[in-house]
Amino acid sequence: MKSIPIFFSFDNNYVEPAAVAFFSLLNKAKKDVFYEMYVLHSDITEGKQNLLSNIVNKQGNARLSFINTNNFLSEFWDSQNFNLGAESSVFTVDTVIRCFGGRFFPQYDRIIYSDVDIVVIDDISEIYDTDLNGKYIAGVRNPFSKYLEYELSHLKPEHYEMLHDKYIAGGIWVMNLKKIREDNLEKRMIEVIQDETILKRWNDQDVINISCEGKVGFIPLNYISYPYLLDFLRDPKFESDYTREELYDSIINPKIIHFAAFKPWNSNPNYSRLWWTIFDYLNLKKTNIFKELATKDTTLRERLKTKKYRKLFKVALAALVISLVINFVSLGGYW
Ligand SMILES: [Mn+2]
């Protein structure tokens, strides 16, 4: 039996997505794998904890524990230079707490971290053995860094230089807790959190990437199969640090579907039906994070395009106003 520690961090609102994630993780696990599961949280009610524990216990190949973080980090938390990402993204202190596995799991030298806005398609135990020699963490390289300027444009030039082809996405990490503790990475992470000159557009990802200074390993893209990646690949201008083979393989042979932008509970991304099937099977109830599904399904690329055009429109409008003012001033003498 191979025992693998894995942790998650989310709040009371995310219990239902977590239930789907946990079920799919355990349902797809190989027979010789046992998961030691942990949830870092600060507000999950006893009733909701029981809901998750019942699902895990029924599967029989894992044990689930809850660890209250007691709002560790809130004293360092300055919302001023966080939450600079997409308006729809919700980041809380619990989002960044996942960087601090070294503190909460002194009994382990390494651990897997996973988001819960996922559905697991295949056994993922292999990544636990990812080579972490001299590295703090391993993650999936962001496939969009090269194509979407917005992904990394907030980084300082020196950080961009260091990270542009190494920036790892959130979603799933394998953390070298031993090295994180030995080198006191926690101190560096708190410095990054408190440094107001470092803009955090992607919060937890920025904190971990900047603190780790490129000492990162890589997990195949199949562990964050993006439901909307195919839309990007259809653009002949799309470029990525991944090869065409790796990009398509992540879609054809996914290990984990990561609903990174659009969630099955308020949108209709690819794989939503599988997600809802598990939701129904587990007899889960819709909560306040579930919105009426949008009638018109827009892809991420379309949304980004509108964003881009809106920006272009603003620039054009500003140029028009400036030229009018200049004309007005230069004509002033005749008026
Ligand atoms: Mn996520």
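Predicted model: local features only at pLDDT ≥ 70, side-chain atom pairs only at ≥ 80, totals over all residues.
The protein chain has 12 helices and nine strands, and of its 335 residues, 38% are buried. If we take the contacts between residues at least 6 apart in sequence, 85% of them join residues at least 24 apart.

Let me turn to the pair of helices. Two packed helices are described by the angle between their axes and the distance between the axes. Here, helix α1, which covers residues 15–27, packs against helix α2, residues 46–59, at an angle of about 10°, and their axes are 10 Å apart. Because angles under 35 degrees count as roughly parallel, α1 and α2 are described as roughly parallel to each other. On the α1 side the contact is made by V15, A18, A19, F22, F23, L26 and N27, while α2 contributes K48, L51, L52, I55, V56 and Q59.

Is V96 buried or exposed? With 23 other C-beta atoms within 10 Å, V96 is buried, because the cut-off for a buried residue is 20 or more. Leaving aside residues up to four places away in sequence, V96 touches L73, I193, N203, D204 and V207. As for Q205, it is 109 residues from V96 along the chain, and yet the C-alpha atoms of the two are separated by 8.4 Å.

Notes:
Residues numbered from 1 in each chain as written. Helix = DSSP H or I, 4+ residues; strand = E, 2+ residues; numbered from the N terminus. Buried ≥ 20, exposed ≤ 12 C-beta atoms within 10 Å, placed from the backbone. Contact = placed C-beta atoms within 7 Å. Axes fitted to C-alpha atoms, helices over the stretch in contact; angles between N-to-C directions. Parallel < 35°, antiparallel > 145°, perpendicular 65-115°, else oblique.
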